[in-house]
Amino acid sequence: MANGIVVIDKPEGWTSMDVCAKLRGFFHEKRVGHAGTLDPMATGVLPVFVGRATRAVEFAESGDKEYIAGLRLGMVTNTQDTTGEILEQRPVRVTRGQVEAVLESFRGPIQQIPPMYSAIKIGGKKLYELARKGREVERPPREVRILRLELLEGGGEDYSLRVVCSKGTYIRTLCHDIGQRLGTGGCMSRLRRTMAAGFTLENAVTLEQLLASEAPEGLLLPADRYFAANGWEARAVISPAGERRLRSGAPAPYSGAPGRCLAYSQSGEFLGLARCENGQLTLSKSFFLAN
């Protein structure tokens, strides 16, 4: 039975759900989920959680993410990227310095209006379904955080940006809004995610590598790898008697420091997320497999 996390370097043309569907069949496991949707044109880090590890998705999908994005000035499209219908084309007469100056206003907390071509629901309808019918509805702005926004290279119409941002940030919309602020219009020309859920491209394998592997389960990272890399530093090793209590849903006596921790059996099995209070250890989220 497959359990763990595989970080896929998602290929262009695939949806995030396409990747999950492929892995469901490959691992013969229905429980497969991902930590953060990537549009079909985007590539890069897609953490996929398999089996019991899917219990970590709710934590992982809310984390910050990093992207390398292409900004195309002078073009406005209905999808806010270069795959869409061109609505406007404008001359570009801005300098690199002007682009740098405009980026400053997009750092920190900003208000962003979600694009029509998105899966957000308004009135029970997904926005992209309305957009495909030629309809546009009012979308309330949402606050997102741009933790880092750096101009890497470029000039004229095309630039490359590094973006570190919070969950829910649309990089397409960021490129569109930067273009509007510059007066040239703009859209996203490419997108590669370089970090999500604390995993980077160094942790990633391609679909081809995974599917060709003679031991694919060996490419699965244990679920606790995510938590250990995202602030869960304390570890609690429980006695066999305490382990039996935790597995039955009861608290176990524990003399360690109070606070949250990762709980393990004496054999090294990851039991789950726990909290120690008043000499008692209680699991808040279990990850152990049934005996």
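**Notebook: sheet, cores, cysteines and salt bridges**

I began with the open sheet, in which 5 strands follow the order 14-16-17-18-15 with mixed pairing; strands here are DSSP runs of E with at least two residues, helices are runs of H or I with at least four, and both are numbered from the N terminus. Two strands pair if DSSP finds at least two bridges between them. Strand 14 (235-237) and strand 15 (252-253) stand at the edges, each with a single partner strand, so one side of each has no neighbour in the sheet. Strand 14 pairs with strand 16 (residues 259-264) in the parallel sense over 3 bridges, and I noted that Arg 235 has Leu 262 of strand 16 as its bridge partner.

Before going on, I wrote down that this is a predicted model, in which local features need pLDDT of at least 70 and side-chain atom pairs count only at pLDDT 80 or more, while totals for chains, interfaces and linings use all residues. Residues are numbered from 1 along each chain as its sequence is written, and side-chain values use heavy atoms, with hydrogens and water left out.

**Nonpolar cores**

Next I looked up the nonpolar cores, meaning sets of buried Ala, Val, Leu, Ile, Met, Phe, Trp, Tyr and Cys residues joined through side-chain atoms within 4.5 Å. Buried means under 20% relative accessible area, exposed means over 50%, and partly exposed lies in between (1.4 Å probe, protein chains only). The largest core has 43 residues, of which Ile 8, Leu 23, Val 48, Ile 171 and Ile 178 touch the most other members. Its largest share, 5 residues, comes from helix 5 (residues 171-182). Apart from this core lies another, of 23 residues, including Ile 5 and Phe 287.

**Met 75**

I then turned to Met 75, which is found in strand 5 (residues 75-77) and counts as buried at 13% relative accessibility. Leaving aside neighbours within four places in sequence, Met 75 is in contact (heavy atoms within 4.5 Å) with several residues, among them Thr 82, Glu 88 and Cys 187.

**Cysteines**

How many disulfides does a search of the whole structure find? I found 0, where a disulfide is a pair of cysteine sulfur atoms within 2.5 Å. The sulfur of Cys 175 is too far for a bond, because the closest cysteine sulfur, in Cys 187, is 7.7 Å away. For Cys 20, the closest cysteine sulfur is in Cys 165, at 20 Å, which is also too far for a bond. Cys 20 is buried, at 0% relative accessible area, and Cys 175 is buried at 0%.

**Salt bridges**

Finally I counted 13 salt bridges, each being a side-chain nitrogen of Lys or Arg within 4 Å of a carboxyl oxygen of Asp or Glu. One of them joins Arg 162 and Glu 66, with the closest N and O atoms 3.8 Å apart. Because Arg 162 lies in strand 11 (residues 158-165) and Glu 66 in strand 4 (residues 65-73), the pair ties together parts that are 96 residues apart in sequence. Arg 162 is partly exposed at 22%, whereas Glu 66 is buried at 19%. Glu 66 and Arg 162 also belong to a network of salt bridges with Arg 148 and Glu 150.

Asp 158 and Arg 72 meet in a salt bridge too (2.4 Å, N to O). Asp 158 lies in strand 11 and Arg 72 in strand 4, so this pair ties together parts that are 86 residues apart in sequence. Asp 158 is partly exposed at 32%, and Arg 72 is partly exposed at 24%.
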